[in-house]
Amino acid sequence: MKQIFIVLTVFLVSGCAELQQVVNNLPQATTGGGFGISNLDIANGLREALNNGIDKEVTKLTQKDGFYNNQLVKILLPQELQKVDKTLRDVGLGKLADEGLKVLNRAAEDAVKEATPIFVSAVQQITFTDAKQILLGNDNAATQYLENKTKNQLYQKFSPVINSSFSRVGADKIWSNIIQKYNAIPFTNNVNPDLTDYVTGQALKGVYTMIAVEEKDIRTQLNSRTSDLLKRVFALQD
């Protein structure tokens with residue numbers, strides 16, 4: 001109890017620069033009946049916060065309409081295809097345009113199912129040095145860490161899954177039909193977008209957006225700190 005009192009007092013009096021020094025000098029193991037905060041506690045607390053984001057928020061994206069019905073991450077058409085969408089609606093093909101948008105989001109749902117093992121591996125690799133920087137960072141510092149560690153690997157995982165999903169959910173046929181109809185309309189410029197690359201990028205963006213939502217809640221809402229460890233660790237940055 002004495003140790004945590006000292007940490008909080010230094011924070012209130014001296015600000016974040018001194019807090020960084022306090023965190024740097026924390027003991028390597030928890031003592032004092034479990035009331036202290038050790039280096040290991042901080043790292044484990046950050047791991048727990050990220051795992052909560054993965055379990056609670058990323059899982060939502062794998063559900064039917066997990067992207068399509070979530071305004072934070074819903075995949076909209078790239079700029080090149082916005083004119084296609086408008087033109088189709090202008091000529092009475094609004095239903096086809098709606099279906100084209102929906103299947104892009106369906107493909108993203110499939111891809112996100114591949115993300116969890118990669119995230120888990122990255123979370124397990126968090127060091128205390130990483131944890132210090134994350135804890136004293138901004139509201140999405142943990143999410144940014146995870147993005148830096150996983151984005152390239154996830155892209156390689158997502159891209160073939162999305163390409164395969166286009167066939168499974170019928171997106172390839174729907175968009176082939178859309179593009180053909182649009183390109184056949186007089187006075188339009190032909191389009192041939194790389195939808196796999198676009199949806200892969202948007203799916204990744206959606207995943208990190210939802211993890212950031214959970215991280216911000218844990219940082220700013222006391223009732224989102226659902227374990228004793230989260231309460232003790234994130235009290236340091238309050």
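Confidence in this predicted model, given as pLDDT (the predictor's confidence in each residue, from 0 to 100), averages 81 over the chain, and 85% of the residues score at least 70. Among the helices (DSSP runs of H or I with at least four residues, numbered from the N terminus), confidence is lowest in H1, residues 2-14, with a mean of 35, and highest in H10, residues 195-220, at 92. The pLDDT stays below 50 over residues 1-35, a stretch that has 44 contacts in the model beyond near neighbours in sequence; a contact here means heavy atoms within 4.5 Å. Residues are numbered from 1 along each chain as its sequence is written, and side-chain values use heavy atoms, with hydrogens and water left out. Because this is a predicted model, local features need pLDDT of at least 70 and side-chain atom pairs count only at pLDDT 80 or more, while totals for chains, interfaces and linings use all residues.

The chain has 11 helices and 0 strands (a strand being a DSSP run of E with at least two residues), giving the pattern α-α-α-α-α-α-α-α-α-α-α along the sequence. Of the contacts between residues at least 6 apart in sequence, 78% join residues at least 24 apart. Buried residues account for 50% of the 238 residues, where buried means under 20% relative accessible area, exposed over 50%, and partly exposed in between, using a 1.4 Å probe and protein chains only.

Charged side chains come next. A salt bridge is counted when a side-chain nitrogen of Lys or Arg lies within 4 Å of a carboxyl oxygen of Asp or Glu, and the count comes to 13. One of them joins Asp41 to Arg232, with the closest N and O atoms 3.7 Å apart. Asp41 belongs to helix H3 (residues 39-61) and Arg232 to helix H11 (residues 228-235), so this pair ties together parts 191 residues apart in sequence. Asp41 is buried at 10% relative accessible area, and Arg232 is buried at 18%. Asp228 joins these two residues in a network of salt bridges.

Another salt bridge links Arg168 with Asp110, at 2.7 Å between the closest N and O atoms. Arg168 sits in helix H8 (residues 141-168) and Asp110 in helix H5 (residues 94-112), 58 residues apart. Arg168 is exposed, at 58%, whereas Asp110 is buried, at 13%. Within helix H4 (residues 79-90), Asp85 and Arg89 are 4 residues apart, or about one helical turn, and their side chains meet in a salt bridge of 2.8 Å, N to O.

Rings also take part. Rings of Phe, Tyr and Trp (its six-membered ring) pair if their centres lie within 6.5 Å, with planes under 30 degrees apart counted as stacked, over 60 as edge-to-face and the rest as tilted; this rule gives 1 aromatic pair. Phe119 and Tyr208 form it edge-to-face, 6.1 Å centre to centre with 70° between the planes. Phe119 lies in helix H6 (residues 115-124) and Tyr208 in helix H10, 89 residues apart. Phe119 is buried at 0% relative accessibility, and Tyr208 is buried at 5%.
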